[in-house]
Amino acid sequence: ACPEKEDQMAQRQAYDTPGTHDQRAGIEPTAAADASKTHVIFEAPVSCKIEKVKIIPGAAITGANTNTKHLNLINRGTNGAGAAEIANYDLTLGNDIGVAGLVLYAPASPLAAAQGTQLGLQVEQVGTGQALPPLAVVVEFAPN
């Protein structure tokens, strides 16, 4: 038997259980001068509905006007080439993220995603930018 294949099957069987599952991704700290960059944070292991995306910073982030970052949730589709923005949070003055985190995406009607659909978190440079701590991103999804 091929242990790799058995491992893949076991992972897929985990999603046979109804209810919400989650996957976590980490994004390294971002320097103020870093150009806009999209990080792949999720690839649907099965056909599912994306219920929630939460961002948890390693330290509190205080928003600022002019020189800042915007956090954009991108539906990259199954081929990774999609660019549809489905949620965003602009770190402008008064828009902070505390250490408890921020729910970036939790629609009334969850996004239907085919197996292999990718989500990206774009850290968009605005002005001369803003330094960000490491970010944890938690994607909650329910298999169809």
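**Aromatic pairs and a buried threonine**

Tutor: The side chain of Thr 68 reaches the backbone oxygen of Ala 64 at 3.4 Å. This is a predicted model, in which local features need pLDDT of at least 70, side-chain atom pairs count only at pLDDT 80 or more, and totals for chains, interfaces and linings use all residues. Residues are numbered from 1 along each chain as its sequence is written, and side-chain values use heavy atoms, with hydrogens and water left out.

Student: What makes the link between the side chains of Thr 68 and Gln 130 a polar contact?

Tutor: The two side chains are joined at 3.0 Å. A polar contact is a pair of N or O atoms within 3.5 Å; within protein, one must be able to donate a hydrogen and the other to accept it, and residues adjacent in sequence count only if both atoms are side-chain atoms.

Student: Why does Thr 68 count as buried?

Tutor: Its relative accessibility is 1%, and buried means under 20% relative accessible area, exposed over 50%, partly exposed in between (1.4 Å probe, protein chains only).

Student: Why is the pair of Tyr 15 and Phe 141 called tilted?

Tutor: The ring centres lie 5.5 Å apart and the planes stand at 50 degrees, so the pair is tilted. Rings of Phe, Tyr and Trp (its six-membered ring) pair if their centres lie within 6.5 Å; planes under 30 degrees apart count as stacked, over 60 as edge-to-face and the rest as tilted.

Student: How do you know that Phe 42 and Phe 141 are tilted?

Tutor: Their centres are 5.2 Å apart and their planes at 55 degrees, so this pair is tilted.
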